[in-house]
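Welcome, and please open your viewer. We will go from one stop to the next, selecting residues as we go.

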Amino acid sequence: MSSTAPLHLAAEIGGPPRYDPGHYTGLARLAEHGALDFVTLGDSFARPGPDALAVLSRVAPATGRIGLVPTVTTTHTEPFHVSSAVATLDWVSRGRAGWQADVSTTGAEARLFGRRPAAPADELWREAGDSAEAGARLWDSWEDDAEIRDVATGRFIDRDKLHYIDFEGASFTVRGPAIVPRPPQGRPVIVVDGTSGPARETAARHADVVLVRATTPEQAAGARTDLRRRAAAYGRGPGALRVLVALTVDLGDAETAPEPGLESGPPLAAGGSYYRGGPVDLAELITRWHRGGAADGFHLTPITPGRDLERIVNGTVALLQHRSLFRTFYPGGTLREHLGLARPANRYAFEGGRA
Amino acid sequence: MSTATRQMHLAAHFPGVNNTTVWADPRSKSQIDFSSFEHLARTAERGRFDFFFLAEGLRLREHNGRIHDLDVVGRPESLTVLAALAAVTDRLGLAATVNATFNEPYELARRLATLDHLSEGRAAWNVVTSFDAFTGENFRRGGYLDRADRYTRAAEFVATARELWDSWTPDGTPRSFTHRGQHFAIEGEFTVPRSPQGHPVVIQAGDSPDGREFAASTADIVFTRHGTLESGREFYADVKARLAKYGREPGELKIMPGVTFVLGDSDAEAQELAAEIRLQQVSPQNALLALEQIWGRDLSAYDPDGPLPDIDPGPGSSLVQGRVGPGDVLAVAARWRALSKEKGLSIRQTVIETTGRQSFIGSPRTVAEQLTEFVAADAADGFILVPHLTPGGLDDFVDRVVPLLQERGVFRSEYTGPTLRSHLGLAEPVWKG
């Protein structure tokens, strides 16, 4: 990997549950001030907190450029509803939506729905992959120019440019087409935490951005190589994936901690490695790993969002920008543009020979 | 102004996917861009409306096995758009239509409670049901539900959602819940505290006896189609009378028909404009399609400006998928033929005549009078206005009719409270922990 490849930075803005929108809007604006690629908002049916996708939809009109990536789980939800909601987030944010797909493995979560028992992680991750695949096909199920508003023939749409997806997975089928027209990014960005074994295969096959846990640059580079190899086996090009190292960050009270560096931290929500130190040392670490080709970037989970995100943006990011290692403004408008990912061609238009 | 003057409630329906939405008008803009939703919502809030209303689609309509292509198609997912609109409005209620058949109580109750928090108490849920396998083909459950079960599931769904909304104490302590019923057996802990309105406002649409009973037992608002004074009064009296058996007062359920309007500088001009709009709504292609929906046959060879077919409707047609069927097609066809013969109407004119849905036509003064009379006569508590243009179709109403309603003292000039319940004069539900 070239050492001049753009660095990508993202931040989690969850934390202790909050229900006032101003809290989340403030954090997203702060991250946008730092020109970060995107913010994530974790979610689960099992712990207190609001619906993440709704929160980031509320944030969308109050921000202009930052990518918005809620966690939406796939185990107890309807794939058709999930794809509609994510596509709608892309519409209301004008092309800034992502979707962090996750599974629900516990019996406690299953009992909230009462429809199916808890299942093993590998089975649920295969289903998550099916959900992502059905979603991607639904997003493609309207060609970009399907709406014609042809007054002469009285037709609002060209029905030949709308497609049934007829998706058949192991646990569900979806006929299609989507209700929501193809979203601005074509397909919103799919993010998967590929740290665990069962998740990694799904990530390699379906994700645009993969988060991995690593405590050394070698480990991160190994995970990245592995993911790219697996992605290639699915026929994906080497440029189709962004691999970000997940770090939980505690920037503490000091500008420079006595022993900056990585350690095995407490089991935190984002599942990343644990960094404790000052903002400057964090910038050094990011620079070193990125230049060495270990990762395309970092996904930072501030241990105390209000405090640590402010230090990340005004300390770490400012320093990286000063050293010309990170962008100072958004050259594009969509999340795909921030990530340097192409807007996907529509598979159905392609099949129809019109692409 | 006397305090006894009856206050009306007003809501705005986003004119998206609808066979009355005129997309061919040069003023018609996107039905999907957020700017369109923002424009209509801000207009409604400028007019001090009670709430903004979104319909839902879960499968694209088909005609004769092919996707219907004559009307507006494509819309965003309701709750997500409303969460975004919460950022660009302050007081306006935000109502989402969400199906109780193809959702689960835990997830939907959580999404609704979240919207109520994010909007600081402005969320509403229009409960609808479905039973058809056609829609079910997009969902895990498929078309499993018998027609008869759809209201029992919906009623248990709403009751379960209310249990979840009540599972946190008003002072913010989560408590575990257990629900064991015919349709749902669930337990655990809800993730969202009691929301600013206690419970989001519940709206119900549906006119069958089951639907009326469901509304009387549990809804805060009924969305009806009774747009005439006479049928409105009948419906109003019937539904209000059903409330007592559930221990509810007449004021606890607001009856709001969905209505259309056409404004002109004079009544005559409005009538002329209304006729033009009908011609736009019923294009030649749409007239033939309406005919095929009754006849159940391919009638594409007929001239829309010519007479109705002599042949009878085909047997057991399932030509139309994704919308309510026309009922007894032989009777409808006979009625249409009689009307056509009597008045000498073409196919297109007959369709215009029989499917007319414009409720209030006239100068702003006339329409204001009609609306006031409607409410004073106990035909409605207010209206859900369905404009025919996206997104500017409400502009004239807010600029020209609302001030007249305010002058008459039948509509608020300012919001008096922050929540949708406060606009509607509905009390916060008693906590049933």
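**Where the chains meet**

Start with chain A and chain B together: seven salt bridges are found across their interface, each a side-chain nitrogen of Lys or Arg within 4 Å of a carboxyl oxygen of Asp or Glu. Before going on, note that this is a predicted model, in which local features need pLDDT of at least 70, side-chain atom pairs count only at pLDDT 80 or more, and totals for chains, interfaces and linings use all residues. Residues are numbered from 1 along each chain as its sequence is written, chains are lettered from A and ligands numbered from 1 in the order in which they are written, and side-chain values use heavy atoms, with hydrogens and water left out.

Now select Arg140(B) and Glu127(A), whose side chains form a salt bridge at 2.9 Å, N to O.

Next, show the whole contact (heavy atoms within 4.5 Å): chain A gives 64 residues and chain B gives 61 residues. About 5400 Å² is buried between the two chains, 59% of it on carbon and sulfur atoms; buried area is the accessible area (1.4 Å probe) that two parts lose on being put together, summed over both. On the chain A side, pick Tyr19(A), Arg159(A) and Ile179(A), which lose the most area to chain B, together 13% of what that side buries.

**A helix pair in chain B**

Finally, select residues 78-85 (helix 2) and 105-118 (helix 3) of chain B, which pack at about 15° with axes 9 Å apart. Helices here are DSSP runs (H or I, at least four residues), numbered from the N terminus. Axes are lines fitted to C-alpha atoms over the stretch in contact, and angles run from 0 to 180 degrees between N-to-C directions. Helix 2 of chain B is therefore roughly parallel to helix 3 of chain B, a term for angles under 35 degrees.

Notes
Helices (H or I, at least four residues) and strands (E, at least two) are DSSP runs, numbered from the N terminus. Angles under 35 degrees count as roughly parallel, over 145 as roughly antiparallel, 65 to 115 as roughly perpendicular and the rest as oblique.
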